[in-house]
Amino acid sequence: MISAWLTQHGFVFFHTLKRLIASPVTSLLSISVMGIALSLPTGVYVLMQNLQNLSGQAIHAPQMSLFLRTDMQSADVQQVEQRLERDVRILGHQFVSKETALQQLQQRSGFANVATSLERNPLPDAFILHLQNEGAESMRQLQAELQGWPEIEYVQFDSVWIERLDALLKLGRFSVLLLATILSIAIIAIMFNTIRLQILTKRDEIEISKLIGATDSFIRRPFLYFGAIQGLAGGATAWMIIAYALSAVNLELVELSNLYGIQLQMQFLILEDGISLLIFSTLLGWLGARLSVANHLWQIEPQ
């Protein structure tokens, strides 16, 4: 039973491929339109992924500075350090003593005379924290918690850049979703019309099939395969367009990287995302064909 089912579907699949190959120009144009449409939201998605990678290590390990009260003793400093080590939100920390801070101030141009004229060291001990990037809201919450510690005088953290990055990434994700929704509807409409023309072209063949007792599922199966295969080919075309575009951009980035002495390279679509793109495009093609068959096939009845 399963063997017969696989044989039927295999026959329909290869028969549909022959139909696509028999009209290469029409098939190529349809697949190209789908590929270009799918490459737009996919390109924005890849661009947003690369934006995070190219933004630097600061995105992955933002820093926060803790300034202790000037009357803190070494035991208080050790207690603060132990509490910081237990916090899972803190990847690491660096202690900067008041003496080290004063030496760094003396080494700076324009501050040497000022630092040497001081009667005592007014600078506090400090910790520089390297944090996990869990979003601006989580980091503001951590800042408020640390500010409440009795040993800490002031917590310095610039969250503006993280908020701007979060806002930009949210805008990018919304743009991807909006583009994907609009263009998915367009692809379904294209496939709907393509299958409608296929049904009208094979009207006589469908009527004969119904006369000899063919079921609706048997009749609509080739059209569903036709839509799914074209959708799959459209997704593969979009993947190739993105790969070619990123290759061209990387060639231009080589000169820019040499000028600034930094490594700039756009990352390609990862395998998991590429497979998701192919599955999504196949489903779009199948859905467009399914809607078209459901809307038009019942109108054809043998006379």
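Q: Which residues form a nonpolar patch on the surface?
A: In this predicted model, the patch is made of Leu 168, Leu 171, Phe 174, Leu 178 and Ile 182. Together they have about 480 Å² of accessible area.

Q: Take Leu 178. Where is it found?
A: Leu 178 sits in helix H8, which covers residues 160–201.

Q: And why does Leu 178 count as partly exposed?
A: Because its relative accessibility is 42%, and partly exposed covers what falls between under 20% (buried) and over 50% (exposed).

Q: Now the inside. How many residues has the largest nonpolar core, and which have the most contacts inside it?
A: That core has 28 residues. Ile 187, Ile 195, Ile 199, Ile 206, Phe 223 and Val 293 have the most contacts inside it.

Q: Which elements give two or more residues to this core?
A: Helix H2 (24–54), H8, helix H10 (216–260) and helix H11 (271–296). H10 gives the largest share, nine residues.

Q: What is Phe 223 in contact with, leaving aside neighbours within four places in sequence?
A: Its partners are Arg 19, Ile 195, Gln 198, Ile 199, Lys 202, Ile 206, Ala 289 and Val 293.

Q: What other core lies apart from that one?
A: One of 18 residues. Leu 129, Met 139, Trp 149 and Phe 157 are among them.

Q: Confidence, then. What pLDDT does the chain average?
A: The average is 81, and 83% of the residues score at least 70.

Q: Which elements have the lowest and the highest mean pLDDT?
A: Helix H3, residues 57–60, has the lowest, at 48. H11 has the highest, at 92.

Methods
Residues are numbered from 1 along each chain as its sequence is written. This is a predicted model: local features need pLDDT of at least 70, side-chain atom pairs count only at pLDDT 80 or more; totals for chains, interfaces and linings use all residues. Side-chain values use heavy atoms; hydrogens and water are left out. Patches are made of residues with over 30% relative accessible area and no salt bridge: like charges are joined within 9 Å, nonpolar side chains (Val, Leu, Ile, Met, Phe, Trp, Tyr) within 5 Å. Accessible areas come from the Shrake-Rupley method with a 1.4 Å probe; for residues, only the protein chains shown count as cover. A salt bridge is a side-chain nitrogen of Lys or Arg within 4 Å of a carboxyl oxygen of Asp or Glu. Helices (H or I, at least four residues) and strands (E, at least two) are DSSP runs, numbered from the N terminus. Buried means under 20% relative accessible area, exposed over 50%, partly exposed in between (1.4 Å probe, protein chains only). A nonpolar core is a set of buried Ala, Val, Leu, Ile, Met, Phe, Trp, Tyr and Cys residues joined through side-chain atoms within 4.5 Å. Contact means heavy atoms within 4.5 Å. pLDDT is the predictor's confidence in each residue, from 0 to 100.
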